[in-house]
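Please open the model in your viewer and keep the selection panel at hand. The stops below go from one selection to the next, and each says what to look for once the residues are shown.

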Amino acid sequence: MVKRWYVVQAYSGFENQVKRSLEERIVRFDLQDAFGQVLVPTEEVVEMRDGQKRRSERKFFPGYVLVEMEMNDDTWHMVKETPKVLGFIGGKADKPAPITPKEVDNIMRRVEEGAEKPRPKVLFDAGEVVRVTDGPFKDFNGVVEEVNYEKSRLLVAVQIFGRSTPVELEFYQVEKS
């Protein structure tokens with residue numbers, strides 16, 4: 001039988017605990033042949049705290065764990081009876097549907113990119129109002145005109161002497177207002 005990827009809903013905040021429990025139960029029930037990877041999709045994010053760049057992980061599907069498995073009665077019951085698991089997502093309650101290979105590729109690519117190029121913890125959009133927290137324009141408010149995630153910089157229109165002036169700032173120099 002072929003292994004496919006399924007989405008398992010877990011209690012929010014317990015995704016890593018569910019992952020560990022599943023991996024332990026797979027060994028305990030001697031089902032290693034029926035299972036592949038158990039994955040909590042995360043990406044690395046960077047934020048500025050107290051003037052320091054801090055790296056942390058962010059789950060991009062909070063409350064969900066991906067499981068590569070052969071679906072049969074034994075594997076279904078083993079996963080469903082794992083503590084803190086609410087059930088499978090997709091399909092019917094007794095016959096879950098796997099996610100498509102394209103969805104799996106997108107998730108895996110995002111996990112790899114997150115490790116290579118950490119994303120900012122706070123995402124900005126053009127047109128959003130921000131407050132400058134550092135540098136010569138500290139305590140000014142401005143409107144985001146452009147966002148450059150590659151360089152972690154923003155172009156912000158700040159009102160100086162009644163005129164809108166574009167100022168280039170680092171992500172850590174602003175906060176959402």
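Select Glu15 to begin: at 1% relative accessibility this residue counts as buried, where buried means under 20% relative accessible area, exposed means over 50% and partly exposed lies in between (1.4 Å probe, protein chains only). This is a predicted model, in which local features need pLDDT of at least 70 and side-chain atom pairs count only at pLDDT 80 or more, while totals for chains, interfaces and linings use all residues. Residues are numbered from 1 along each chain as its sequence is written, and side-chain values use heavy atoms, with hydrogens and water left out.

Because Lys59 lies in strand E4 (residues 52–59) and Glu15 in helix H1 (residues 15–28), the pair ties together parts that are 44 residues apart in sequence. Helices (H or I, at least four residues) and strands (E, at least two) are DSSP runs, numbered from the N terminus. Lys59, at 28% relative accessibility, counts as partly exposed.

By the same rule, the count of salt bridges comes to nine. For a network of them, select Glu43, Arg58 and Arg110, which are linked in this way.

Next, select residues 123–150, which the UniProt annotation "domain: KOW" covers, according to an unreviewed entry; such positions are given in the numbering used here, feature names are shortened, and annotations may be inferred rather than shown by experiment. Over this stretch the chain is 0% helix and 43% strand, with the end C-alpha atoms 13 Å apart. Show Arg131 and Asp139, whose side chains meet in a salt bridge at 3.0 Å, N to O; Arg131 is partly exposed, with a relative accessible area of 28%.

Finish at Glu128, in the loop between strand E7 (119–120) and strand E8 (129–132). Leaving aside neighbours within four places in sequence, Glu128 is in contact (heavy atoms within 4.5 Å) with Leu123, Gly142, Val143, Val144 and Lys176.

Note on methods. Salt bridge = Lys/Arg side-chain N within 4 Å of Asp/Glu carboxyl O.
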